[in-house]
Amino acid sequence: TSSTPQKIHPKPTPGYIYLYEGQDDELVHFCWRPRSASLRDPELDLVMVPGDGSFKPYQPSKKSPTNGRIFVLEFQSSSARHLFWLQSKTQHPQGDLGHFSPRDLKLGEIVNQLLQGEQVDVQEELNNVPSGQDGHDDDGGDGDRMEGVRRESQSGTAENLASGDPFIGDPSNEGEESREGGADGGRA
């Protein structure tokens, strides 16, 4: 056995996490897709049993710092884990890449609540959390965006479960001035 910690490198492809409720199974699907792919073409599509998965901030040890803000999707029913790097710049005044802002933590909390089967008014929750480092909404348009939770209706059209809007924020602006290279939001 080795005492050297394993290193995980993110995919350099920026993307979106989104959740939707399946028409046939009525279970939440946790998806990741590249920004260039359509909603119907996720690279990762996991069917989530309520309460089985959790989406939490990764808290590294002092000996093993990270190159960004990372969320971990873990399961009670298996040892599988998926890591997701946030794509926007850190809001930390000294540029600490591992610092989670209140908005970062709220986004993760919302995803986790939805995975637990809870009903969440995503827009209302986000409206009450400042995105800037000093408590003001001053992220300059490069904040993390969260696509709404969507349900396929009987007619085949998508309806949003989380709010009246299919997107939280403007996804066309996602990634402006975000970190470059492997730390800009790829999925491990």
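Me: Taking buried to mean under 20% relative accessible area, exposed over 50% and partly exposed in between (1.4 Å probe, protein chains only), is R69 buried or exposed?
Reply: This is a predicted model, in which local features need pLDDT of at least 70 and side-chain atom pairs count only at pLDDT 80 or more, while totals for chains, interfaces and linings use all residues. Residues are numbered from 1 along each chain as its sequence is written, and side-chain values use heavy atoms, with hydrogens and water left out. R69 lies in the loop between β4 (53-57) and β5 (70-75), where strands (E, at least two residues) and helices (H or I, at least four) are DSSP runs numbered from the N terminus. Because its relative accessible area is 0%, R69 is buried.

Me: Which residue meets the side chain of R69 in a salt bridge?
Reply: A salt bridge here is a side-chain nitrogen of Lys or Arg within 4 Å of a carboxyl oxygen of Asp or Glu. The partner of R69 comes within 2.8 Å, N to O, and this pair links distant parts of the chain, 35 residues apart, with the partner in helix α1 (residues 102-115). That partner, at a relative accessible area of 4%, is also buried, and it is D104.

Me: What distance separates the closest N and O atoms of E109 and K106?
Reply: Because E109 and K106 are three residues apart in helix α1, about one helical turn separates them. Salt bridges that share partners join K106, E109 and E125 into one network. E109 is partly exposed at 36%, whereas K106 is buried at 15%, and their closest N and O atoms are separated by 3.2 Å.
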